[in-house]
Amino acid sequence: MPEWIRTGRSAAWAAVPAGVALAHVGPAATWLPGVRRRWFPALSGQGRAGHVALTFDDGPDPASTPHFLDALDELGVRATFFVLGENVARHPAVARDTVRRGHELAVHGWRHDRPWRPAPARDLRELRRAARTVTEAAGSPPYWYRPPYGILTAGRWAAARRTGLRPVLWTAWGEDWTARATPASVRERVRADLRGGGTVLLHDTDHAAAPGCWRSALGALTEIVGDCREAGLTVGPLADHGVGGAAEER
């Protein structure tokens, strides 16, 4: 478990009764890849066997997101962007351009915060606010929700359900948020867990990460898509991925 999770969790739980804390944070066990792969495949983003869902978190960002949009145009690939409501409110033109280019907007929350202290009313209020903001930018309601850090507390599960959003995490990620990340390391980290039917997580901004780290994800993007295609896999957004019959629901 990363140090930031251990430290943040310990500090928050110190002021919360044990029973309340356990009920609140228990569902966050789905953050563990083995748990969600085995018991919650749809939450992992397991979809059609011949397809890989490409997803990006934390934008939109006018300094970096357009570079990803240009690269995806060149590759002929569409993706799902899990955006923060506060960033969409600041940069609506970038969000609208993402949709105009054929990509899917999904909800990553209002801000990129850590959810250790129980706050169900706030969770619901902020998630609804984020969904409204995304709807205004996209012209249609979002369907997917990925919480910051991939941590689904009880409050965020309930808020997603009441907002009409479907939680989905990932099966492979590039660990592209660190200062030590390189295009080669991002590609290799994704390849380690790349399988047909999987969902790949990258970041199109350094909004909640090391400054400039998005360049490593951007530098790896062409090779990651190439690896998928070499394996006979198509690449696209979650809307085309068939996660748990989601295509039929929409």
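**Working through the model**

Analyst: Ala-138 sits in helix 8, residues 120-138. Helices (H or I, at least four residues) and strands (E, at least two) are DSSP runs, numbered from the N terminus. This is a predicted model, where local features need pLDDT of at least 70, side-chain atom pairs count only at pLDDT 80 or more, and totals for chains, interfaces and linings use all residues. Residues are numbered from 1 along each chain as its sequence is written, and side-chain values use heavy atoms, with hydrogens and water left out.

User: What is Ala-138 in contact with, leaving aside its neighbours within four places in sequence?

Analyst: Val-99 and Leu-105. Contact means heavy atoms within 4.5 Å. Pro-92 is 46 residues away from Ala-138 along the chain, and their C-alpha atoms are separated by 9.5 Å.

User: Back up a bit. How many helices and strands does the protein chain have?

Analyst: The protein chain has 12 helices and eight strands. Of its 250 residues, 52% are buried. Buried means under 20% relative accessible area, exposed over 50%, partly exposed in between (1.4 Å probe, protein chains only). Take the contacts between residues at least 6 apart in sequence: 78% of them join residues at least 24 apart.

User: And what pLDDT does the protein chain average?

Analyst: The average is 87, and 80% of the residues score at least 70. pLDDT is the predictor's confidence in each residue, from 0 to 100. Residues 8-14 have pLDDT below 50, and this stretch has eight contacts in the model beyond near neighbours in sequence. Residues 17-24 are also below 50, with 12 such contacts. Where pLDDT is low, the predicted coordinates should not be read in detail.

User: Helix packing next. At what angle do helix 8 and helix 9 cross?

Analyst: Roughly 45°, and the axes of helix 8 and helix 9 (residues 154-163) come within 9 Å. That makes helix 8 oblique to helix 9. Axes are lines fitted to C-alpha atoms, for helices over the stretch in contact, and angles run from 0 to 180 degrees between N-to-C directions. Angles under 35 degrees count as roughly parallel, over 145 as roughly antiparallel, 65 to 115 as roughly perpendicular and the rest as oblique.

User: Which residues of helix 8 and helix 9 make the contact?

Analyst: Helix 8 brings Asp-123, Leu-124, Leu-127, Arg-128 and Ala-131. Helix 9 brings Gly-155, Arg-156, Ala-159, Ala-160, Arg-162 and Thr-163. By class, that contact has five nonpolar, two polar and four charged residues. Ala, Val, Leu, Ile, Met, Phe, Trp, Tyr, Cys and Pro count as nonpolar, Asp, Glu, Lys and Arg as charged, and the others, Gly among them, as polar.

User: Now helix 11. How far apart are the axes of helix 5 and helix 11?

Analyst: The axes of helix 5 (residues 65-75) and helix 11 (residues 214-230) are 10 Å apart, at an angle of about 20°. That makes helix 5 roughly parallel to helix 11. The residues in contact include Phe-68 and Leu-72 of helix 5 and Trp-214 and Leu-221 of helix 11. The classes are nine nonpolar, two polar and one charged.

User: What about helix 10 and helix 11: what angle and what axis distance?

Analyst: About 45°, with the axes of helix 10 (residues 183-193) and helix 11 7 Å apart. That makes helix 10 oblique to helix 11. Among the residues that meet are Arg-187 and Arg-191 in helix 10, and Glu-223 and Asp-227 in helix 11. This contact has six nonpolar, two polar and five charged residues.

User: Backbone now. Which peptide bond is cis, with omega near 0°?

Analyst: The one from Gly-59 to Pro-60. Pro-60 lies in the loop between strand 1 (51-57) and helix 5. Asp-58 lies in that loop too. Its phi is near 90°, a positive value in a residue other than glycine. Asp-58 is buried, at 2% relative accessibility.

User: And what is phi of Glu-175 near?

Analyst: Near 45°, again positive in a residue other than glycine. Glu-175 lies in the loop between strand 6 (172-173) and helix 10. Glu-175 is partly exposed, at 29% relative accessible area. Most residues other than glycine have a negative phi, and most peptide bonds are trans.
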